[in-house]
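Please examine the sequence and the structure shown below. The paragraphs that follow lead through the helices, the strands and an aromatic pair in turn.

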Amino acid sequence: MDIREKMHSGELYFPGDEELVKEQLGYLEKLYDFNQIRPNEQEKRAHMLKEMFAEVGENCYIEPPLHCNFGGRHVHFGKNVYANFNLTLVDDTHIYVGDYTMFGPNVTVASAGHPLDPDLRRQGYQYNLPVRIGKNCWIGAGVVIVPGITIGDNVVIGAGSVVTKDLPSNVVAVGNPCRVLRSIEESSPHCHEARTTR
């Protein structure tokens, strides 16, 4: 198994590999350019996202600055995804985001982790687990999502939450660690309460 296969398998690998770092720097150069695009150059931003990301649907908007460990190379966005300032995607392996999902400012989605063994950690090893976020989710400001998490559709995650376990569809979840607060009924008159999470 070569290093690129290990990156996407959950196996330990050494991210300081010379060829891998050289490849990564190329992606980061594009990310740097994206973050320098002027606010009135929206078409240029959209075009660059298509170059940077593994997949990106129509009408996606990301407010710079955007931070990605591999410049978005392993990021898959559906259509109409919105991200506010300072979205951090630690995309050492794949991160999937469904249609119409929204990110508040300062959200972190991490796919990379490090071993508990101090000797392995000292040597610089890491492992990666994919993150999957469903359609029509609202991820509140300052949320942290750790490696390997799957979030269902229509989920609202309260500001400042730390998501350490999978979340089913159609729930409001909050806290550190993040826990399901209640289910979401589409016809409920209380749906507007969710606006306090951003």
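Angles under 35 degrees count as roughly parallel, over 145 as roughly antiparallel, 65 to 115 as roughly perpendicular and the rest as oblique. Helices (H or I, at least four residues) and strands (E, at least two) are DSSP runs, numbered from the N terminus. The model is a predicted one, in which local features need pLDDT of at least 70 and side-chain atom pairs count only at pLDDT 80 or more, while totals for chains, interfaces and linings use all residues. Residues are numbered from 1 along each chain as its sequence is written, and side-chain values use heavy atoms, with hydrogens and water left out.

The axes of helix α2 (residues 18–35) and helix α3 (residues 42–52) come within 10 Å and cross at roughly 165°; an axis is a line fitted to C-alpha atoms, for helices over the stretch in contact, and angles run from 0 to 180 degrees between N-to-C directions. The helices α2 and α3 are therefore roughly antiparallel to each other. On the side of α2, the contact (heavy atoms within 4.5 Å) is made by Lys30, Leu31, Asp33 and Phe34, and on the side of α3 by Arg45, Met48, Leu49, Glu51 and Met52. These residues divide into five nonpolar, no polar and four charged. Here Ala, Val, Leu, Ile, Met, Phe, Trp, Tyr, Cys and Pro count as nonpolar, Asp, Glu, Lys and Arg as charged, and the others, Gly among them, as polar.

The strands come next. Two strands pair if DSSP finds at least two bridges between them. Five strands form an open sheet with parallel pairing, in the order β3-β6-β9-β14-β17. At its edges stand β3 and β17 (162–163), each with a single partner strand, so one side of each is left without a neighbour in the sheet.

The sheet can be followed strand by strand. Strand β3 (residues 66–68) pairs with strand β6 (residues 87–90) over three bridges, and His67 has Thr88 of β6 as its bridge partner. Three bridges also link β6 to strand β9 (residues 108–110) in the parallel sense; there, Leu89 is partnered by Val109 of β9. Strand β9 is in turn joined by two bridges to strand β14 (residues 144–145), where Val144 is the bridge partner of Thr108.

Other strands pair as well. Strand β18 (residues 171–174) and strand β19 (residues 179–183) run antiparallel and are joined by four bridges, with Val171 opposite Ser183 of β19. The two form a hairpin with four residues between them, and Gly175 in the turn has a positive phi of about 105°. Strand β18 is also joined by two bridges to strand β16 (residues 156–157), and these run parallel; Val156 has Val172 of β18 as its bridge partner.

Finally, the structure holds five aromatic pairs. Rings of Phe, Tyr and Trp (its six-membered ring) pair if their centres lie within 6.5 Å; planes under 30 degrees apart count as stacked, over 60 as edge-to-face and the rest as tilted. One of the pairs is Phe53 with Phe77, edge-to-face at 5.1 Å centre to centre and 85° between the planes.
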